[in-house]
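Here's a quick briefing to read alongside the model. Keep the viewer open and click along as you go.

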Amino acid sequence: MDAPFKIDVNKSDTETNIAVSGDLIINHIEKIKEGLDNSIDFSKNLTLDLNGITSIDITFIQLIISLKKSFQSSAKQIVFKNNFNDEIKTLLQNAGFNNLF
């Protein structure tokens, strides 16, 4: 059985690239947060690739808001890559988060 989500990490001397895919919902949020916490180095720039997301909910959005705030207080940048499907775009827009990413 395939895992409901996946986190792929690629680190260099100056930045961390993380690709997150799958179902990023409350049922898995503790493991997602743990995976991200173990992968992120706040002394490096971060690119978070969200192109493989199949579903999200407010818990993942809260996690992203927290990450953005953490990077705003550091001297490093966080960049989001996404090509959300229409369902996710509508969800973000209806929740008032269409400018989050």
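The protein has 3 helices and 4 strands, taken as DSSP runs numbered from the N terminus (helices are H or I with at least four residues, strands are E with at least two). Along the sequence they come in the order β-β-α-β-α-β-α. The radius of gyration is 13 Å, close to the 13 Å from the globule rule for 101 residues, so the protein is as compact as a globular protein of that length; that radius is taken over C-alpha atoms, and the rule is 2.2 Å times the number of residues to the power 0.38.

**Ground rules**

- Residues are numbered from 1 along each chain as its sequence is written, and side-chain values use heavy atoms, with hydrogens and water left out.
- As the model is a predicted one, local features need pLDDT of at least 70 and side-chain atom pairs count only at pLDDT 80 or more, while totals for chains, interfaces and linings use all residues.

**Overall box**

- Taken along the principal axes, the C-alpha atoms fill a box of roughly 35 × 35 × 20 Å.

**Strands and how they pair**

- Strands β1 (residues 5–11) and β2 (residues 15–24) run antiparallel and are joined by 7 bridges; two strands pair if DSSP finds at least two bridges between them.

**Salt bridges**

- The count is 2 salt bridges, each being a side-chain nitrogen of Lys or Arg within 4 Å of a carboxyl oxygen of Asp or Glu.
- In general, side chains of opposite charge can pair when their charged atoms come close.
- Lys-6 pairs with Asp-8, with the closest N and O atoms 3.9 Å apart.
- Lys-6 is partly exposed at 47% relative accessible area, and Asp-8 is partly exposed at 38%.
- Lys-33 and Asp-37 make a salt bridge at 2.7 Å, N to O.
- Both Lys-33 and Asp-37 lie in helix α1 (residues 29–39), 4 residues apart, or about one turn of the helix.
- An α-helix has 3.6 residues a turn, so residues three or four places apart point the same way.
- Lys-33 is partly exposed at 39%, as is Asp-37 at 45%.

**Aromatic pair**

- There is 1 aromatic pair, and it is a tilted one: Phe-42 and Phe-71 sit 4.9 Å centre to centre with 45° between the planes.
- The cut-offs are these: rings of Phe, Tyr and Trp (its six-membered ring) pair if their centres lie within 6.5 Å, with planes under 30 degrees apart counted as stacked, over 60 as edge-to-face and the rest as tilted.
- The pair links distant parts of the chain, 29 residues apart: Phe-42 is in the loop between α1 and β3 (45–56), and Phe-71 is in helix α2 (residues 58–72).
- Phe-42 is partly exposed at 38% relative accessibility, whereas Phe-71 is buried at 2%.

**Other spots to check**

- Asp-49 lies in strand β3 and is partly exposed, with a relative accessible area of 23%.
- Asp-49 and Asn-82 are 33 residues apart in sequence but 6.2 Å apart in space, C-alpha to C-alpha.
- At the start of helix α3 (residues 86–94), a side-chain oxygen of Asn-85 comes within 3.1 Å of the backbone nitrogen of Glu-87.
- Just after α3, Gly-96 has a positive phi of about 85°.

Terms used
Buried < 20%, exposed > 50% of the residue type's maximum accessible area, 1.4 Å probe, protein only. Polar contact = N/O pair within 3.5 Å; in protein donor to acceptor, adjacent residues only side chain to side chain.
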